[in-house]
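Dear colleague,

Please find below the structure that I am handing over to you, followed by an account of what was found in it.

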Amino acid sequence: MTLPGALLEWYAGEGRDLPWRRAETDPWGVLVSEVMLQQTPVARVIPAYMSWLQRWPTPSALAADSCGEAVRMWGRLGYPRRALRLHECAVIIMERHRGEVPRDLPALLALPGVGSYTARAVATFGYGLRHAVVDVNVRRVAGRIVRGEGRPGTAAGDLTLVEPLLPADPLTAARFSAALMELGALLCTARAPRCAACPVTAWCAWRQAGYPVPTSPAPVPQGYAGTDRQVRGLLLAVLRSTDGPVPAAALDVVWADAAQRTRALATLVSDGLVDPLADGTYALPS
């Protein structure tokens, strides 16, 4: 059996039933899922994704609504500028692509907030095209299988590792890309890889090298408590909880440090997530 064959066989039995992987998911659903999954765990994304598509099942539905409603629906997924980018994507899809998510990489890359990974993911999982789709999980898997290193390399470098592994058939290659992601998410994890359960150990250069420990220190995750990100989230929560403008006094109570609160609010305004109104109140963008 080949590496793709072994991985696809495992994926058929062990892959999670995620809503964006189902046969009825269209390219718009794939785009929404990929934007939501940026830096947000799957468990938190699923309910938000289902609610989002129930309200805006097409780009035209979202484009017809306000960007402020997109920010409101985003809830506590974090990095709320992604909601604005999705709204901008919907508007551009309506204006330039007749309401259809584009399928070619240059057009996808021209959409706001869509980088190389997201463009390839939409083309692959939304349209069944043959592209290497390399997220952090795939980078780690490819680094271990091909290079024999326990930690991922660069995103651009790992594209060249993954592309030769893809099956020739585009639809099979798309399933293989999903299987690589799933392997990294479930078994070939960063901190506690379950190598005994891995279906591709026979091809793993890291295993054959004796699982060498990386020489460079692992990156330290950024904290959240007490940061401007936390304050921004608290301020947005107040604005999302009401349909109208909010007085400044209602925002003042969410954080005791006035300087940090003011700074966080200023960044929300500059990011287009909050509108300061002439009467001194604040609202979600219109």
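Where is the place of Y79? Y79 sits in the loop between α5 and α6, where helices (H or I, at least four residues) and strands (E, at least two) are DSSP runs numbered from the N terminus. Its phi is positive, about 45 degrees, although Y79 is not a glycine. Y79 is partly exposed, with a relative accessible area of 29%; buried means under 20% relative accessible area, exposed over 50%, and partly exposed in between (1.4 Å probe, protein chains only).

Please note that this is a predicted model, in which local features need pLDDT of at least 70 and side-chain atom pairs count only at pLDDT 80 or more, while totals for chains, interfaces and linings use all residues. Residues are numbered from 1 along each chain as its sequence is written, and side-chain values use heavy atoms, with hydrogens and water left out.

**Overall architecture**

The chain contains 15 helices and two strands. Its C-alpha trace spans about 70 × 45 × 30 Å along the principal axes. Of its 286 residues, 46% count as buried.

**Loops**

Q39 is another residue other than glycine with a positive phi, near 65 degrees. Q39 belongs to the loop between α2 and α3 and is exposed, with a relative accessible area of 61%. R98, in the loop between α6 (81–97) and α7 (105–109), is exposed as well, at a relative accessible area of 80%. Between R98 and A110 there are twelve residues in sequence and 15 Å in space, C-alpha to C-alpha.

**Salt bridges**

A salt bridge is here a side-chain nitrogen of Lys or Arg within 4 Å of a carboxyl oxygen of Asp or Glu. By this rule the count is twelve.

One of them joins the side chains of R21 and E182, at 2.8 Å from N to O. R21 lies in the loop between α1 (3–14) and α2 (27–36) and E182 in helix α11 (residues 170–186), so the pair ties together parts that are 161 residues apart in sequence. R21 is partly exposed, with a relative accessible area of 28%, whereas E182 is buried, at 0%.

In another, R55 pairs with E69, their closest N and O atoms being 2.9 Å apart. Since R55 lies in helix α3 and E69 in helix α5 (residues 67–74), this pair ties together parts that are 14 residues apart in sequence. R55 counts as partly exposed, at 34% relative accessibility. A network of salt bridges links R55, D65, E69 and R72.

D17 and R22 also meet through their side chains in a salt bridge (3.1 Å, N to O). D17 is exposed, with a relative accessible area of 59%, and R22 is partly exposed, at 33% relative accessibility.

**A pocket**

On a 1 Å grid over the protein atoms alone, a pocket is an open set of points with protein on both sides within 12 Å along at least five of seven lines, a cavity is a set of points where a 1.4 Å probe fits but cannot get out, and lining residues have an atom within 4 Å of a point. Helix α3 (residues 42–55) provides the largest share of the lining, three residues. By class, the lining comprises four nonpolar, two polar and three charged residues; Ala, Val, Leu, Ile, Met, Phe, Trp, Tyr, Cys and Pro count as nonpolar, Asp, Glu, Lys and Arg as charged, and the others, Gly among them, as polar.

The structure holds one cavity of 30 Å³ or more. The volume of the largest cavity is about 120 Å³. Its lining has 15 residues, of which C188, C195, C198, C204 and W206 lie nearest the centre. Eleven of the lining residues are nonpolar, one is polar and three are charged. At least two lining residues come from each of α9 (136–147) and α12 (205–208).

Helix α9 also contains R140. R140 is buried yet has no salt bridge, and D135, the nearest side chain of opposite charge, is 7.4 Å away (Lys and Arg count as positive and Asp and Glu as negative; His and the chain ends are not counted). The side chain of R140 makes a polar contact with that of N137, at 2.6 Å. A polar contact is a pair of N or O atoms within 3.5 Å; within protein, one must be able to donate a hydrogen and the other to accept it, and residues adjacent in sequence count only if both atoms are side-chain atoms.

Yours sincerely

Notes. Grid points are joined across faces, edges and corners, and a volume is the space filled by probe spheres set on the points.
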